[in-house]
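Colleague: I am new to this structure and would like to learn how to read its interfaces. Could you take me through them step by step?

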Amino acid sequence: MLQDEEIQEIAAETGFSKNQIVRLYSRFLSLDRQGRGYLDREDFLRIPELAINPLGDRIVDAFFTETGSDTDFRINFRQFIRVLAHFRPLNKHKPNVINSREEKLRFAFSMYDLNKNGYITREEFKFILNMMVGSNITPDQLDSIADRTITEADADNDGKISFEEFCKAMERTDIDQKMSIRFLN
Amino acid sequence: MSLLILLYLLSFSFIANSEHSNEHDITLTNENAAVITHVEHSPFDSSDHKEHEGHSEHGVEVLTHLANSTSVVSEHNVHEEHGAGHGEERMESFQLIALNWEHVKYPYMVGIWLLAASLVRVIFHLSKRFGNLLPDSAILIIVGLGLGFLLKAIGLDPSVYRLNSDVFFLFLLPPIIYDAGYFMPNRYLFENVDSVLLFAVIGTIWNTIAISATLFICSVYEVFTVQFSVFEILLFSALISAVDPVAVIAVFEEIHVNEFLFINVFGEALFNDGVAAVLYFMFKKFIIIMATVGGLVWSDYVIGLLSFLVMSLGGVLVGIIFAFIVSFISKYTDHVRILAPVFIFIIPYLAYLTAEMLGLSAILAIAVCGMMMKQYVTANLSHDAASAVKYFTHMLAQSSETVIFMFLGLSVISSEHNWDTYFVVITLVGITIFRIIGVLVQCFVLNQYRTKKFSALDQFVLCYGGLRGAIAFGLVVSLPVSIDQNIRNLFVTTCIVVIYVTVLFQGITIRPILSILKVERKDDSLLTVIESINHKMLDYTLAGIEDILGQTGKHSIRDDFERFNAKFLRPLLTKRYKKSVSDSSKIISAYQKITLQEAVSMALQFEKRKPSLSSTTPTTPRTIQRFVEEAAIQTINQNENENLSTQALYNMFSQLLDRKLRELRENPPSPSRDPIPADIHDDYIGQMRRENRGELPTIPESPGGTLRELFGNGSAQRNVISRRHSQPPSYQVHPV
C-alpha cells in the first residue's frame, strides 16, 4: 500500500493530486496480475486495445526507456507514474518540469528513436511509418515519404534528426493540446 | 447599376402586366377561382389572400406608364395559351414577333433575381477597397433595402417581392446547410463536440427563457403597445435567440479566423437549430392547440418536451440513414460516372424533405448527412466527379445565400410593420446581454474540464459572433395566423431590426475588431509531412496511454471509431478498399501535396531560366529531373487559366516522381499504355474518338489517381507527352 509520505513525494514530483495518485495506484495494481510489485511487457500487452494499437509495442518500449530500465524490463509504480505525468495538461500557475513542452516532446522523440542514441535515422523512421501505414502504401512511397521527412527536418544535413531539429519541426503544433490527457480524480 | 434597375423595372412591369391580363380572365371566368389559383402558383406572393385585392389596381397603373402595346399583344397570347374555355382566340394579323411573357414568367423572374443578386456582388467587388470593407451579406442587405424603396416608390405591390416562407425553407435553405455539413472539418468538430453541444443546447435554451421572461415581465407592466400571452412571447424568443448559420458562414468565412473559434461559433450556429426550431414548433403547436381547444393538458406539455429529443435525434438519425444510402449507391456507379453526382445531391435533399415531412429537424438531417457521407463518397467518385460535386455544392450554397440576403433587404419594405420602440430596444439589449452572460458562464464551466481553454479573447469573439439571420426571418413570417395581426407585425418588425443590427453592425465591425485584437488567423499553409506523421503518431500514442490508464477519453473513442470505420464501414461503403486497421490517407495526401508543391515551384523556376530543350540520352537523374520539369511546365501553362483541380495536379506529379524513381531502379521499360481519357471530353468529337478506340474509362488504381487519367485529357499537347513517355528508353522532349 502507499504511504502518505510517498504520496506526498509523488505529488511534489509529478504534480498529480492525491486522488489521482490513489486512482493510478489501483490501476497499477490491477495491471499487475501476479502481484509482483512491478510491471513487465506482457502485463502491458495484455491490455486488449493496446495489443491492437499499431504503435502498441513502441508505446510500451517508450515506457521502459523513460525509466532507464530497458535492461530488465520492469517498472515499479514510481516509474509508472513518472511516465504518465508527462501527459498531464500544462498548468501555467503550477508549472512542473515533468509535463513541460520539452519533456512531452522528448517522449514523442523516444517513440521514434529505437536505439536511444539521441538521433532518429531514416531506418528508425521508416520502421514507425511502416507500423502506422505500411499496408496501405507501396514500399517506394514509404521510402519517398521517409526521405521527405528527413529532408524537411534535417537542418544540419547529417542525414538524421536530432532532438533539437525535432523540436523545431514541431514548433507549429500545439503540443500541450495534442499530448495531454485529463486524468480523472 | 442603372441597367440593373431598368431590368428590374421591366420584369416587374411584366408581372403587373400579366396580372392585368389575368384580370381579363377573371371577368371571363369565376373570379374567386382565378384569384386563388393565381395566388397558389406565384412563388412571390404572401399566403394572405386579402392582399390581392389591391393588386390589380396597381397593375393597371404601372401598365399605363409602361408597355402599352405589348400588353395588348400579350393579352392576345394569353388568351391563346389558355385555350379551352377562355373565350375567343384573337389575332388581328400575323404577329412576327410577339411577347409571350405569361409563358415564361416564373422561371424568368427566378432567373432575374438570381442574376441581379449575383451581379450586385460582382460589381461591388470590382472596387477592391469597398469589397473588403463590408461583408457580402451586408452589401446585399443594403442593396436589397435600396431596391425595396425604389420599388415602393414606383408603386409596385410589396406582396410581389415578399419572401415566401415555404420557398425559403424548401428551396433556399437546404443547399446552404448541405454545403456547411459537407465541408465541415469533422476532426475539429469532434474535438470540440462538448463545447459545441453545450452552446447549442443549453445556450439556446437559456437565451430563450431569459429573453421571454424579460419581455413578458415588461409586458405585464404595460411597457409595450400590445399584450401577448406567454406562449406567444416564448415563440418569439425561441426564434430570435438562435444564432444563424447562414449569417455566420457569410461573415466568418471571409475573415479567416482560426479553426478553433470558427468551429465553436459555427458548430453552435448549425446545431442550435435542433433546439430553436424544436422550441419554435413546440410553442407553435401549443398556441394552435390553445386556439382550437382552448387549453392545454399536462400530456401536451410532456409530449412537447419529448418532442425536443425526438426532433433532434430523429433528424440526426435520418441524416445518418441517408448518408449510408448515398455512400452505398455511389459504390456502384462505375458505369454511370456522369450520373453519380446526381445521387450526391438528390439523396441529401430527400433527407431534408423526409425529415421535414416527419416533423423532425431537417437542418440537422441534411447537415449530418453531408458530414457523414463525405469520406465514402469522395473515395467512390471519379476524380472529375468529386471536383464537380465540390464546385457545384459551393455554387448552390452561394447563390442561395445571395438571394436570401437580397430578400432580407427587401423585407423591410414588403412586410407590414408595427413599430414599438420599447419592444425593439429591450429585445436588442436583452439578446446581447443574455448572450454575454451565457457565453461567460458556459466557458467558465467548460474551462474546468478542457485542455484547450477558452481565453477571454475567444469568449469575446463568441459573444460577438452571435449573428441572427434568415432562419429567424423565415420562422417569423410563418407565425400561425391564430396570433393577432398586430402582434405578428410587431414580431416581424423586431426580428428584422435584430437581423439588420447583428448582420450589419456586428458583421461589418467584426473584421477590424479582430485585427485590432490580433486574434489568431487561420494558418493556411500546408502541414509538412513530418507534422502530419507526428500528429498521427501522437493520436495512436495518446489512445494507447488512455488504454493503459483504463480511461475512455476522446482519443480512445476516436480510435475505436476509426477502427470500426476501417474494418466495417469503409469496406461496405467504398469500392475496392483494402481492409486495414488504420487510416493513413491523410499522411499520404499530405506527402503528395508537399512534393507536388515543390515540384511545381521547381518547374516554375526552371521555366524562368528557359534553357534549350535538346534530346538527351536517358536515365541519369539529371535528365529525369529535367523531363519532370518539362512536363510540369507544359501542364502548368496549359492550365494556368483553367481551374484544374489542384488535387489532380498533386496526384499527377507524385505519381510521375514515384514512377521515375522506380524506373531508375528497375531499368526495364514499363509497358506502354494508352492514355486514359477523363470522364468528359471537351466536345463530342473527342468523346466519339475515345469510343471508337474501344477504350472504356478505367478507374484509378491507387488513392492518388493515375498519370494516365490526367495526361489523356483530350488535348493534343498532353497526348504528345504521354506518347513520348511510353517510348522507352529515350526521353526526348520536343516543345509542342
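Modeller: We begin with contact, which means heavy atoms within 4.5 Å. By that rule, nine residues of domain 1 of chain A are in contact with eleven residues of domain 2 of chain A. This is a predicted model, in which local features need pLDDT of at least 70 and side-chain atom pairs count only at pLDDT 80 or more, while totals for chains, interfaces and linings use all residues. Residues are numbered from 1 along each chain as its sequence is written, chains are lettered from A in the order in which they are written, and side-chain values use heavy atoms, with hydrogens and water left out.

Colleague: How should I read the area that domain 1 and domain 2 of chain A bury between them?

Modeller: The size of an interface is often given as the accessible area lost when the parts come together. Here buried area is computed with a 1.4 Å probe and summed over both parts. Domain 1 and domain 2 of chain A bury about 940 Å² between them, 72% of it on carbon and sulfur atoms. On the side of domain 1 that touches domain 2, helix α5 (residues 56–66) of chain A gives the most, with six residues; helices here are DSSP runs of H or I with at least four residues.

Colleague: And how much area do chain B and chain A bury between them?

Modeller: For chain B and chain A the value is about 4700 Å², 61% of it on carbon and sulfur atoms. In chain B, I530(B), I548(B) and L549(B) lose the most area to chain A, together 15% of what that side buries. The contact takes 49 residues from chain B and 53 residues from chain A.

Colleague: How many salt bridges are there across the interface of chain B and chain A?

Modeller: A salt bridge is a side-chain nitrogen of Lys or Arg within 4 Å of a carboxyl oxygen of Asp or Glu, and the rule finds three between chain B and chain A. One of them joins K178(A) to D539(B), whose closest N and O atoms are 3.9 Å apart. As for the elements involved, α23(B) gives the most to the side of chain B that touches chain A, with 20 residues.

Technical notes: Buried area is the accessible area (1.4 Å probe) that two parts lose on being put together, summed over both. Helices (H or I, at least four residues) and strands (E, at least two) are DSSP runs, numbered from the N terminus.
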